[in-house]
Amino acid sequence: MTATPRRRRQTGMTPLIAEPSSSIDLFDDTVLDDPYPLYEVLRGMGPAVWLNRHDMWFIGGYEDVRTALHAAATFSSENGIALTDTANRQFLNGTVLVAHGMRHVQLRRPLSRQLAPRAMKSLVPEIGSRAARLAVEYISKGAFDAVELVTEFVAGQVVHLMGLPESTRPKLVAQGAAAFDMFGPDNARHRAAAPLATAMMTFLSTEVSRDTVRPGSWMADLYRAADDGDIAEDDVVPLMSAYTTAGMDTTIHGITAALHHLAHHQRYYKELRTGRLKAAAVFQEAIRLDAPIQGFGRRARRDTRVGNARIRAGEQVWLSYGSSGRDPRRWGHYADTFRPGRTGADLHLALGYGPHACAGGHLAVAQATGLLDALAHHGTRLEPAGIPVRARNNILRGWESLPLTITPDRRRVRHARKPTATQA
């Protein structure tokens with residue numbers, strides 16, 4: 001990386017000033033494989049660093065990212081969340097992800113009740129039952145791929161809640177991550193993702209309708225909101241796509257990150273198993289340390305300052321959730337260490353913050369808690385079973401394959417396999 005001052009003339013009589021800048025490619029393969037050393041360097045250069053290659057500001061300190069996420073009137077997602085006009089104006093146009101102000105409120109309102117903490121509590125028994133069944137099934141295999149397990153669990157739950165036809169699940173799983181590559185710069189991953197993302201939206205528009213969704217589901221609620229005039233009919237499928245894709249991929253990567261860390265920290269797995277450590281704390285710490293979405297863009301709506309950097313109206317900033325989760329000014333000397341149960345771990349920004357905070361955050365925590373508890377209940381020891389393979393994506397951080405093995409608790413697994421009165 002080369003770091004050079006960026007010089008530009010301010011308005012009025014202000015002389016030329018130097019601002020920190022870098023020629024690094026934030027989305028290069030080697031950076032995506034391990035971005036954290038670079039984040040540390042960029043944080044050290046200043047609160048905001050101009051990235052010449054991407055024509056945007058990098059903001060990576062915890063407090064600076066948090067402040068910017070809260071200040072939607074200054075840093076807007078409208079025409080700024082992705083790094084190309086193609087993604088912002090064509091693929092994302094009209095979606096909840098890029099909506100601003102009252103339009104954003106309008107699009108989030110139809111499912112706000114279903115995604116609230118009270119509603120999540122009512123889903124806990126169902127989530128726990130599915131998690132227990134899958135935990136026993138996969139533990140009994142011996143070695144298994146955690147990505148496969150978590151994907152089956154999360155995707156099945158989300159598709160069921162949304163009330164989508166089962167025929168949509170394979171494509172949503174296979175092509176969901178490609179949608180996130182669209183948020184990055186115009187690189188090879190972005191160009192490969194564009195036709196896949198377009199094809200997926202076309203597929204969903206064909207497969208999903210009033211006649212094909214499950215009555216009483218979240219999709220049925222969206223169609224009801226359209227009937228009531230709360231949203232337009234054309235908003236329904238894009239809303240479904242945003243909630244479904246984001247709800248699946250980020251949760252899948254978050255839970256697999258938790259399992260990866262637990263497999264390398266037997267002490268914490270034992271504490272989880274005995275109840276001294278809560279599954280929610282494990283998940284929160286895992287996504288603090290490895291944010292499933294590493295960052296999103298924003299567009300400055302007016303001139304502002306971040307530290308000594310003057311950001312002009314119309315310029316783009318990249319808010320790095322991944323960097324903010326490793327900022328030692330917020331997390332101390334052990335910011336790079338997996339320490340579930342640390343004070344304030346749930347204050348991370350991995351699920352966003354402010355108006356655009358992840359609407360499905362409570363569901364993600366409920367699903368993570370259900371599956372981690374089920375695995376710990378039915379297995380006595382969690383260990384790596386092979387070499388994991390990192391999934392490369394412009395903004396997602398996770399595993400393509402994560403081989404694990406869990407030693408079964410014979411008594412509990414046998415009991416779980418006994419048919420209930422309903423099943424007999």
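Predicted model: local features only at pLDDT ≥ 70, side-chain atom pairs only at ≥ 80, totals over all residues.

Colleague: Why is α7 called oblique to α16?

Modeller: The axes of helix α7 (residues 146-162) and helix α16 (residues 361-378) cross at roughly 135° and come within 11 Å. That angle makes α7 oblique to α16, since angles under 35 degrees count as roughly parallel, over 145 as roughly antiparallel, 65 to 115 as roughly perpendicular and the rest as oblique. Axes here are lines fitted to C-alpha atoms, for helices over the stretch in contact, with angles from 0 to 180 degrees between N-to-C directions. Helices (H or I, at least four residues) and strands (E, at least two) are DSSP runs, numbered from the N terminus.

Colleague: Which residues of α7 and α16 meet?

Modeller: On the α7 side they are L149, V150, F153, V154, Q157, V158 and L161, and on the α16 side L363, Q367, L371 and L375. Contact means heavy atoms within 4.5 Å. By class, this contact of α7 with α16 holds nine nonpolar, two polar and no charged residues. Ala, Val, Leu, Ile, Met, Phe, Trp, Tyr, Cys and Pro count as nonpolar, Asp, Glu, Lys and Arg as charged, and the others, Gly among them, as polar.

Colleague: What makes α9 and α11 oblique to each other?

Modeller: Their axes are 10 Å apart and the packing angle is about 120°, so α9 and α11 come out as oblique by the ranges above. M200, M201, L204 and S205 of α9 meet V237, P238, M240, S241 and T245 of α11. That contact of α9 with α11 divides into six nonpolar, three polar and no charged residues.

Colleague: What is the handedness of the crossing of α9 and α11?

Modeller: The α9 and α11 crossing is right-handed. A crossing is left-handed if the near helix is turned anticlockwise from the far one by less than a right angle, and right-handed if clockwise. The crossing of α7 and α16 is right-handed, and α11 passes α16 in a right-handed crossing.

Colleague: Where is the kink in helix α8 centred?

Modeller: Helix α8 (residues 169-181) has a kink of about 40° centred on Q175. The bend at a residue is the angle between axes fitted to the seven residues ending there and the seven starting there. Q175 is also one of the buried residues of α8, and the buried residues of that helix pack against α4 (85-91), α7, α9 (188-207) and α11 (236-263).

Colleague: Why does H253 count as buried?

Modeller: H253 has 10% relative accessibility, so it counts as buried; buried means under 20% relative accessible area, exposed over 50%, partly exposed in between (1.4 Å probe, protein chains only). H253 is found in helix α11 and touches P292, L396, R397, G398 and W399, leaving aside residues up to four places away in sequence.

Colleague: How do you know that G163 is buried?

Modeller: Its relative accessible area is 3%, so G163 is on the buried side of that cut-off. G163 sits in the loop between α7 and α8. In sequence G163 and T212 are 49 residues apart, yet C-alpha to C-alpha they are 8.5 Å apart in space.

Colleague: What makes I59 buried?

Modeller: I59 is at 0% relative accessibility and therefore counts as buried. The residue belongs to strand β4. Among the residues I59 touches, not counting those up to four places away in sequence, are V306, I311, V317 and W318.

Colleague: Is D55 buried or exposed?

Modeller: D55 is exposed, because its relative accessible area is 51%. D55 is in the loop between β3 (48-51) and β4 (56-59), and has a positive phi of about 50° although it is not a glycine.

Colleague: Why is N79 called partly exposed?

Modeller: N79 has a relative accessible area of 23%, so it falls in the partly exposed range. N79 lies in the loop between β5 (75-76) and α4, with a positive phi of about 55° although it is not a glycine.

Technical notes: Residues numbered from 1 in each chain as written. Heavy atoms only, no water.
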